[in-house]
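Morning, everyone. Please have the sequence and the model open while I talk. I'll go through it piece by piece.

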Amino acid sequence: MDSKDFREAALSSIDEIINYYDNISTRDVVSKVEPGYLRKLLPTEAPTTGESWPEIQKDIESKILPGITHWQHPNFHAFFPCASSYPSILGELYSAALSGACFNWICSPAVTELETIVLDWLAKLLGLPECYLSTGPTRGGGVIQGSASEAVLTAMVAARDKYLLETIPADLEGEAREDAIAHKRSKMVALATNMTHSSTKKAAIILGVRFKTIPVSEEANYALTAPVLAAALEECLAKGLEPFFLTATLGTTDTCAVDDFAGINTALTNYKHPPNSPGEIWVHVDAAYAGAALVCPEIQSSTAISLTSTFHSFDMNMHKWLLTNFDASCLFVRNRNWFIQALSINQAVYGNAASDGGLVTDYREWQIPLGRRFRSLKIWFVLRSYGAEGLRAYIRRTIGMGEDFAGWVGGREDLFEVLTGPSFALTVFRMVGETEEVRNERTKRLCEGINGSGRVWVTSTVLDGRFAIRFMTGVRTTEGKHVEGAFKLIVEVAEGIVKGT
C-alpha cells in the first residue's frame, strides 16, 4: 500500500466509521454469535499473496461486526462505559502514524513532555491535591497506564518496596537481609473491601503477598468507614500480619459507593504506623469510573477529594467516562521517587545525556512494561476539543439521565425496589415479591428478558444475597429518549413476569 492507496483506504475507512456511529442504534447491542464463529469464516492460514484493501475492508461488516458487542450503542447500559469520541479517534490515528516505543525521553521528547503536561491539566481539572502535580511540592506527577488493574499493580509494587525499605534494619546485608525480606514479605498483607475491584486481589497474588477482604455493609452504603477499617487493622496485628497497602474506592463496581476518605484518614492516624511515618500503609484510590465526574466542582466537594492529599496514589480511567478511547488509565503518585526506586532497571543501551543527567522524566521507571505508546495525544485532543465546560456538561447530562431513570423505577413500587443510587449515573434495582426467593427469581428473569430482546443490555450483581440489575446511563450516544425507551421495555418485561407467576 503506497501513499495514494493509503489515502483512498483511509478516506473509505473514515466514511465507514462515521456511518457505523450514525447508524449504530439500528444494530442489536450484544453480539449473538456462537463461540468459535470466526474460525469457520476465516482461512486456516495467512494469504500467500497480499489482498487489496477493498477485499479486506468488506470483511469488517461481514465477519467482524457480527462478533462485536457495541459499547458505544445508546442502549448499552451494562458494566461501565468504554468511551469513544472523534477527537480521541484522531489522536489514535496520529499515534499510530508516529509509532515508537518511547520508553525514554530521548526516544521522542514530545511523547514524554506532552504526557506530563496533559496529566497536570487533568489533575487540576479533577481538583486533585497539589501533591499529585509534576510541579507540586512533593515531586509527584501522573503517568498513563493501560488499565486500572495495571495501575494498582504498579502502585502495590512501589508500596511493597517502600514498606520493606522502611521496616527492614538498614544494617542488615547479604543473606541476612534477604532472609529478613523473605520473612517480612510472608507477613505483609494488602487490604480491600468486598466491594473493591478484583484487581487489588490479583495484584497481591502476582506479588506473592497476602490479601484480606474487609466486609462492608448496606448500612454504610457499602462504603469503607473508620470503625470497620480500624477493626480490620487490629485483626491483622493480632494475627501477626503487617498491613502495607489499602485500596480505597471512589465509585465501586457494584454500586458506585465512595469510601469514607475522612474516616480512612482517622483510622490510619490512630494506627501504630500513622501517615508519613516509617511503615505507613500506602493508600491507593481506585476511581477508575467515577473519577471522571470530578471534573464537576460539586462532585469534588461531595466526595471530599481534597482529603486524598495524605494518600499515596490515585487512578482514574479517561477511557471509561471521559470521552477518550481505550486505553488511557491516568495514575497519579504523590512522590515519583516511590515508583522510580521500585521500577528502575538500567541497561547500557538506555543511556543518554538527558536521562543520565537527571534532567528529564523517563516513564519506563513509572510502569511495569518498558515500551509505551503516544497515548497522551488523544487526551490532549479531547481536553482541547471539549474544554472543561464541555466535559462537565457531558458528565452532568449522563448523571441527570440516571436520576430520571431512578425516579421512574422508584415510582413503580408495585414492580421495583431501588437498592442503591442513583450514584454517578448508576442505579441498582430489583423486582419486588413476597419472599426473597421470589424477588431473586423474578429479577433474574427480568435481566434475561431485557438482554434477550437484543434492544438493551444490562448487567447484574448480588448484594447481600439479593440478585439485582445495574443500569448505567454514561455512554456518550445515549439520550433521554433511549433511557425512556429502555425503562418502557423493562416495565413491559416485568409486568409479563408478574402476570405469569
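Let's start with helix 4 and its buried residues: Val111, Thr112, Leu114, Glu115, Thr116, Val118, Leu119, Asp120, Leu122, Ala123, Leu125 and Leu126. Keep in mind that this is a predicted model.

What covers those buried residues of helix 4? Several elements do, including strand 1 at 141-145, strand 6 at 313-317 and strand 7 at 329-333. Helices take part too, among them helix 10 at 297-302, helix 11 at 318-321 and helix 14 at 376-410.

Now the helix itself. Helix 4 runs over residues 109-126, which is 18 residues. From its first C-alpha to its last, helix 4 reaches 26 Å, close to the 26 Å expected at 1.5 Å a residue. Look just past the end of helix 4. Glycine 127 sits there with a positive phi of about 75°.

In what order do the seven strands of the open sheet run? The order is 1-7-6-5-4-2-3, and the pairing is mixed. Strand 1 and strand 3, residues 210-214, stand at the edges. Each has a single partner strand, so one side of each has no neighbour in the sheet. The twist averages 20° from one strand to the next.

A reminder on pairing. Strands of a sheet pair through backbone hydrogen bonds, either parallel or antiparallel. Take strand 5, residues 282-286, with strand 6: they pair in the parallel sense over three bridges. Find aspartate 286, and opposite it you will see aspartate 315 in strand 6.

Helix 7, residues 199-207, lies across strand 2 (188-193), strand 3 and strand 4 (242-249). Helix 7 runs at about 160° to strand 3.

On to charges. How many salt bridges does a search of the whole structure find? The count is 27.

First example. Glutamate 8 and lysine 4 form a salt bridge, with their closest N and O atoms 2.9 Å apart. Both belong to helix 1, residues 3-22, and because they are four residues apart, about one helical turn separates them. Glutamate 8 is partly exposed, at 46% relative accessibility.

Second example. Lysine 63 bridges to aspartate 59, with 3.0 Å between the closest N and O atoms. This pair is in helix 2, residues 53-64, again four residues apart and so about one helical turn. Aspartate 59 has a relative accessible area of 24%, so it counts as partly exposed.

Third example. Arginine 439 and glutamate 436 meet through their side chains in a salt bridge, 3.0 Å from N to O. Their spacing is three residues in helix 15, residues 436-452, which is about one helical turn. Is arginine 439 buried or exposed? At 18% relative accessibility, arginine 439 counts as buried. Glutamate 436, at 30%, is partly exposed.

Salt bridges with shared partners join Glu92, Asp327, Arg373, Arg375 and Lys378.

Last topic: cysteines. The structure holds zero disulfides. Cysteine 82 is in none, and the nearest cysteine sulfur, in cysteine 330, is 14 Å away. Cysteine 82 is partly exposed, with a relative accessible area of 23%. Cysteine 256 is buried, with a relative accessible area of 2%.

How values were computed:
Residues numbered from 1 in each chain as written. Predicted model: local features only at pLDDT ≥ 70, side-chain atom pairs only at ≥ 80, totals over all residues. Heavy atoms only, no water. Helix = DSSP H or I, 4+ residues; strand = E, 2+ residues; numbered from the N terminus. Expected span 1.5 Å × (residues − 1). Buried < 20%, exposed > 50% of the residue type's maximum accessible area, 1.4 Å probe, protein only. Contact = heavy atoms within 4.5 Å. Salt bridge = Lys/Arg side-chain N within 4 Å of Asp/Glu carboxyl O. Disulfide = S-S within 2.5 Å. Pairing = 2+ DSSP bridges. Axes fitted to C-alpha atoms, helices over the stretch in contact; angles between N-to-C directions.
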